[in-house]
Amino acid sequence: MPASRTPASAGAPGPAGTLDEAVLCQTLADHHGGPARTVIGIVLRPHLDSLVLTPTELIHSSRHLKALQAKATLMEAALGRVATVQARLPGQDAKARRRALDNALSETVAKARAAQLAFTGLGRGRALIDSILRSAPGKSPTGDAGFDLRAAVCLELEECRTWALKLDALIQLFPAERQDALSAVLDEVIGDVLASPAATQELFGSTSAGGSPLVGLCDLLFGRVPMEVFGPNRLGVLNGLFRQGRLPAARDMVLERIRRQLRAPQTLGRGTAEQEADLLRALMGHLLTPAG
């Protein structure tokens, strides 16, 4: 949905609602891509967090899209914010951008509804996912195997009422071997989860805002999270997947979240200047290398 690299902020609750940049999308796939989902997460963050819902789940659920459309004021404000930001780019017009967003929303609703109807009677779970993975080109339930696969994965998250449970479900689906199509979908949804400030607060067991969750995310991406004595823990497993290079989309979404928050005017800490400096040094230790 939602181009340009001008300032923005997407981090802790509150500042995460600031939107100063939004990607220009040319195709429906662009509107469903990582940069667009980042923007969806910003403009709809309170709504999504209240439902423990990722942007990918919203895009692929006819039920959730219908409920969101019923909130006319919220939808008007969200679409208007994105169109206004995009209209600042050279050659862009707010009305034209709003029409493009409205069209993309209509197409998304139609696709989600088609998937819901096509899935009727097919069951769910790994059997449905595997049948889509095995389907010949154009022969998946709706004919769009990529959309169908994401919709099938999202069905597995419907009963997960916490962010931790969503991650557990996604990790359980992650194939041991590098199965590109399924791994790519799981990578995207894990990125959605880690882009949510509410999710990282739940996962790291902290109510602190500002830079502390960002340091935790950097540790997850670049550090070494020890496994627990009694077996693998979700953060340890995710850390292993990041270090193996198996979560490139999630890595990009986390780094984008950090970039936006670092460019926001809000402070990283809530205490002294020394705390602010310590957090900034910790982040720079992860994010800056001799290469840049």
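1. Let's start with a pair of helices: helix 13 passes helix 15 in a left-handed crossing, a term used when the near helix is turned anticlockwise from the far one by less than a right angle (clockwise would be right-handed). Helices here are DSSP runs of H or I with at least four residues, numbered from the N terminus.

2. A word on the model before going on: it is predicted, so local features need pLDDT of at least 70 and side-chain atom pairs count only at pLDDT 80 or more, while totals for chains, interfaces and linings use all residues. Residues are numbered from 1 along each chain as its sequence is written, and side-chain values use heavy atoms, with hydrogens and water left out.

3. Back to our pair. Helix 13 (residues 212-222) and helix 15 (residues 248-263) pack at about 150°, and their axes lie 11 Å apart. Axes are lines fitted to C-alpha atoms, for helices over the stretch in contact, and angles run from 0 to 180 degrees between N-to-C directions. The two helices are therefore roughly antiparallel, the word for angles over 145 degrees.

4. Who touches whom? Helix 13 brings Pro213, Leu214, Leu217, Cys218, Leu221 and Phe222, and helix 15 brings Arg251, Val254, Leu255, Arg257, Ile258 and Gln261; contact means heavy atoms within 4.5 Å. By class, this contact has nine nonpolar, one polar and two charged residues. Nonpolar covers Ala, Val, Leu, Ile, Met, Phe, Trp, Tyr, Cys and Pro; charged covers Asp, Glu, Lys and Arg; the others, Gly among them, are polar.

5. Helix 15 also meets helix 16 (residues 273-287): their axes come within 13 Å and cross at roughly 140°. That makes helix 15 oblique to helix 16. Leu255, Ile258 and Leu262 of helix 15 make the contact with Leu280, Leu283, Met284 and Leu287 of helix 16. These residues divide into seven nonpolar, no polar and no charged.

6. Now look at helix 12 (residues 197-204), where Pro197, Ala199, Thr200 and Leu203 are buried, that is, under 20% relative accessible area with a 1.4 Å probe, protein chains only. They cover an arc of only 155° around the axis, which puts them on the same side of helix 12; the arc is that of the directions from the helix axis to the C-beta atoms. Among the partners of these buried residues are helix 13 and helix 15. Just after helix 12, Gly205 takes a positive phi of about 65°.

7. Finally, helix 2 (residues 34-43) is mostly covered, with nine of its ten residues buried. Arg37 is one of them.

Note on methods: Parallel < 35°, antiparallel > 145°, perpendicular 65-115°, else oblique. Buried < 20%, exposed > 50% of the residue type's maximum accessible area, 1.4 Å probe, protein only.
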